[in-house]
Amino acid sequence: MTNIHALQKIFPAGFDNGYGSLKLLVDGFDVVRVPSYISTVDMEDVPGRVEFNGTAYTVGESAFRAGDHFERNTDSNDNKVKNALRTLLGALAHLPHRKAWHLKLVVSLHDVALAKDLTQVLNGEYQATLAGKPSEVKVEVLKVVPEGMGALFGQALPKKLTVIDFGNGTTLYSRYTQGKREVHTPYPVGVEVLIDEIAQKMKHLNGGKLGDPSKVRYALEMGHTRYSRDIDIKDVYTACFKDWYEKYLKKVVGMALDAKHQGDEIWAIGGGCLLPGFKKLLEKNGFKVLDNPVEANAVGLLEMAKAIVNKNS
């Protein structure tokens, strides 16, 4: 490829368009990790603000701050695919401005049967205004991999390995032998269920009103239970957590412990690992909780993208 315009530098990138939060890691930049919220409320040119195809919207933190009118990836199973380009552009709108982006992406997806659809949604060349400045964005999907695979890329894997990914919308149970995946079972229950339960059960602390799930989530992601300046939901959290664990997670964790009994190492990734007190519980049960469990997948996706780009050049 000769005569590439100097500005059109190619960037390998990893994109994890999660139900709860999206993670975009572009080579040479800090990771963008924002809630998977999309708001069409009028807004200034904040990070995450996109004008594209005659519409304007905001992705991420500002969408959540704008109040009640936002769409969430969690709200529908198709959104991970349908909204992928919208959320990708929204993620780019958090990075320093460039006139042109040429992204070579490795993307993860819970359901690889939808890989073709996702690639079709993302691939192409787009003119967009990102956080107030025009940008030409070219997207090329190199590969779609199963959710959580990124976290294992480049790690020294034990011969037998079981991984649980505690995600927002899904809890994923996977088993590997010699690095090949044999079992991949998504359970459609994640941290979201716990958060909704807390929001329901904290009425007595909140003047009789339901809690706001996005505020509950925000607190828990920060690793504490302070819902607001004057409301601490610690007791509600503890009760709901026990309940959630017993009802939904105990079975999956039990399966992992059986695998451990059969000689597997058991690893944990995903945002759920950051819930107050959860990491301790997992480690007590013999899990290795990966460093940076939320971004581990995106980091690996970027490494995969780099490896593919280097191989092809």
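A residue counts as buried when its relative accessible area is under 20%, as exposed when that value is over 50%, and as partly exposed in between. Keep those cut-offs in mind as we walk through this structure, which is a predicted model.

Asn53 sits between β5 (49-52) and β6 (55-59). Its relative accessibility is 68%, so Asn53 counts as exposed. The backbone deserves a glance here too: the phi of Asn53 is near 55 degrees, a positive value in a residue other than glycine. With a relative accessibility of 25%, Ala131 counts as partly exposed. Ala131 is not a glycine, yet its phi is positive, at about 50 degrees.

Now let us turn to the interior. In soluble globular proteins, nonpolar side chains tend to be buried together. Here the largest nonpolar core has 37 residues, and the members that touch the most others are Leu24, Leu89, Trp101, Leu103, Leu105, Leu122 and Leu130. Helix α3 (residues 84-92) gives this core its largest share, six residues.

On the α3 side the contact is made by Ala84, Leu85 and Leu88, and on the α4 side by Leu118, Val121 and Leu122. By class, this contact of α3 with α4 has six nonpolar residues, no polar ones and no charged ones.

From α5, the contact draws on Val191, Val193, Leu194, Glu197, Ile198 and Lys201, while α7 brings Val236, Tyr237, Cys240, Phe241, Trp244 and Tyr248. Sorted by class, the contact of α5 with α7 has ten nonpolar residues, two charged residues and no polar residues.

α5 has another partner to show us: α6. The axes of α5 and α6 come within 9 Å and cross at roughly 115 degrees, with α5 passing α6 in a right-handed crossing. In this contact, Ile195, Asp196, Ile198 and Ala199 of α5 meet Pro213, Val216, Arg217 and Leu220 of α6. Six of the residues in the contact of α5 with α6 are nonpolar and two are charged, with no polar ones.

Let us stay with α6 for a moment. Ser214, Val216, Arg217, Ala219 and Leu220 are buried in this helix. Tyr218 also belongs to α6 (residues 213-221), but Tyr218 counts as partly exposed because its relative accessibility is 38%. Leaving aside neighbours within four places in sequence, Tyr218 is in contact with Glu61 and Phe64. Tyr218 and Pro35 are 183 residues apart along the chain, while their C-alpha atoms are separated by 9.3 Å. Just after α6 comes Gly223, with a positive phi of about 85 degrees.

Our last stop is Gly270, in the loop between β14 (265-269) and α8 (278-284). Is Gly270 buried or exposed? The relative accessible area of Gly270 is 8%, so this residue is buried. Not counting residues up to four places away in sequence, Gly270 touches Asp165, Phe166, Pro293 and Val294. Gly270 and Ala151 lie 119 residues apart along the chain, and 9.4 Å separates their C-alpha atoms.

Notes. Residues are numbered from 1 along each chain as its sequence is written. This is a predicted model: local features need pLDDT of at least 70, side-chain atom pairs count only at pLDDT 80 or more; totals for chains, interfaces and linings use all residues. Side-chain values use heavy atoms; hydrogens and water are left out. A nonpolar core is a set of buried Ala, Val, Leu, Ile, Met, Phe, Trp, Tyr and Cys residues joined through side-chain atoms within 4.5 Å. Buried means under 20% relative accessible area, exposed over 50%, partly exposed in between (1.4 Å probe, protein chains only). Helices (H or I, at least four residues) and strands (E, at least two) are DSSP runs, numbered from the N terminus. Contact means heavy atoms within 4.5 Å. Ala, Val, Leu, Ile, Met, Phe, Trp, Tyr, Cys and Pro count as nonpolar, Asp, Glu, Lys and Arg as charged, and the others, Gly among them, as polar. Axes are lines fitted to C-alpha atoms, for helices over the stretch in contact, and angles run from 0 to 180 degrees between N-to-C directions. A crossing is left-handed if the near helix is turned anticlockwise from the far one by less than a right angle, and right-handed if clockwise.
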